[in-house]
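Please open the model in your viewer and keep the sequence panel beside it.

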Amino acid sequence: AVSKSIKFLDNVLYDGPRAGININDGFGGGHMIKRNVIFNQVLESGDHGPINTWSRSAYVQASSDGKDLRTVTPAWNEIDQNFIMLGPKFGSLYG
């Protein structure tokens with residue numbers, strides 16, 4: 001799925017089998033992930049972390065700065081003021 005300008009604010013995430021937050025196909029960027037408490041994630045896998053973001057390909061889209069009509073450069077994402085605890089964990093990596 002493609003996404004642009006998602007706001008994920010003031011949440012508590014815990015005991016998740018994979019990433020607590022997963023934004024794939026960065027598409028337009030401009031995401032805001034702030035003031036969340038995230039712990040005990042990735043309990044059934046070990047291939048990423050509590051926040052997983054990635055992108056496969058560029059998309060032609062309207063520019064976020066208003067200067068250009070079209071761009072393939074996504075807007076900056078803001079991941080700030082989150083409290084992330086990475087252990088102890090009792091998932092697949094630790095038996």
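A residue counts as buried under 20% relative accessible area, as exposed over 50%, and as partly exposed in between. Keep in mind throughout that this is a predicted model.

**Stop 1: the whole chain**

Start with a cartoon view of everything. The chain has eight strands and zero helices, so named from the N terminus on as β-β-β-β-β-β-β-β. Of its 95 residues, 29% count as buried. The accessible surface comes to about 6400 Å², and 54% of that belongs to carbon and sulfur atoms. How much of the contact between residues at least 6 apart in sequence joins residues at least 24 apart? The share is 76%.

**Stop 2**

Now select residues 12-14, 37-39 and 83-85, which are β2, β5 and β8. These three strands form an open sheet in the order β2-β5-β8, with parallel pairing. β2 and β8 stand at the edges with a single partner strand each, so one side of each has no neighbour in the sheet. Neighbouring strands here are turned by 5° against each other on average, direction ignored.

Zoom in on the pair β2 and β5, which is parallel and held over three bridges. Pick valine 12 and look across to β5: its bridge partner there is valine 37. As background, strands of a sheet pair through backbone hydrogen bonds, either parallel or antiparallel.

**Stop 3: leucine 13 and the core**

Show side chains for Leu13, Ile21, Ile23, Ile33 and Ile38. These five residues make up the largest nonpolar core. In soluble globular proteins, nonpolar side chains tend to be buried together.

Which residues does leucine 13 contact, leaving aside its neighbours within four places in sequence? They are Phe8, Gly20, Ile21, Val37, Ile38, Phe39 and Gln41.

**Stop 4: the loop between β2 and β3**

Move on to the loop that leads from β2 to β3 (21-23), where you will find proline 17 and aspartate 15. Is aspartate 15 buried, partly exposed or exposed? Its relative accessibility is 45%, so aspartate 15 counts as partly exposed. Check its backbone too: phi of aspartate 15 is near 55°, a positive value in a residue other than glycine. Most residues other than glycine have a negative phi.

Proline 17 is also partly exposed, because its relative accessible area is 42%. Leaving aside neighbours within four places in sequence, proline 17 is in contact with Val42, Leu43, Glu44 and Ser45. Try the distance tool from proline 17 to glycine 46: the two are 29 residues apart in sequence, and their C-alpha atoms are 9.8 Å apart.

**Stop 5: the sheet β1-β4-β7**

Next, select residues 7-9 and 78-80, which are β1 and β7, together with 32-34, which is β4. They form an open sheet in the order β1-β4-β7, and the pairing is parallel. At its edges stand β1 and β7, each with a single partner strand, so one side of each is left without a neighbour in the sheet. The twist averages 5° from one strand to the next.

β4 and β7 run parallel and are joined by three bridges. Methionine 32 stands opposite glutamate 78 in β7.

**Stop 6: lysine 34**

Stay in strand β4 and pick lysine 34. Where does its side chain make a polar contact? The partner is the side chain of glutamate 78, at 3.3 Å. Lysine 34 counts as buried because its relative accessibility is 14%. Not counting residues up to four places away in sequence, lysine 34 touches Phe8, Leu9, Asp10, Glu78, Asp80, Gln81 and Asn82.

Glutamine 81 sits in the loop between β7 and β8 and is partly exposed, with a relative accessible area of 49%. Phi of glutamine 81 is near 60°, a positive value in a residue other than glycine.

**Stop 7: histidine 31**

Finish in the loop between β3 and β4, at histidine 31. Histidine 31 is buried, since its relative accessible area is 3%. Follow its side chain to two backbone nitrogens: that of serine 5 at 3.5 Å, and that of isoleucine 6, which lies 3.1 Å from a polar atom of the histidine 31 side chain.

Technical notes: Residues are numbered from 1 along each chain as its sequence is written. This is a predicted model: local features need pLDDT of at least 70, side-chain atom pairs count only at pLDDT 80 or more; totals for chains, interfaces and linings use all residues. Side-chain values use heavy atoms; hydrogens and water are left out. A nonpolar core is a set of buried Ala, Val, Leu, Ile, Met, Phe, Trp, Tyr and Cys residues joined through side-chain atoms within 4.5 Å. Buried means under 20% relative accessible area, exposed over 50%, partly exposed in between (1.4 Å probe, protein chains only). Contact means heavy atoms within 4.5 Å. Two strands pair if DSSP finds at least two bridges between them. Helices (H or I, at least four residues) and strands (E, at least two) are DSSP runs, numbered from the N terminus. Axes are lines fitted to C-alpha atoms, for helices over the stretch in contact, and angles run from 0 to 180 degrees between N-to-C directions. A polar contact is a pair of N or O atoms within 3.5 Å; within protein, one must be able to donate a hydrogen and the other to accept it, and residues adjacent in sequence count only if both atoms are side-chain atoms. Accessible areas come from the Shrake-Rupley method with a 1.4 Å probe; for residues, only the protein chains shown count as cover.
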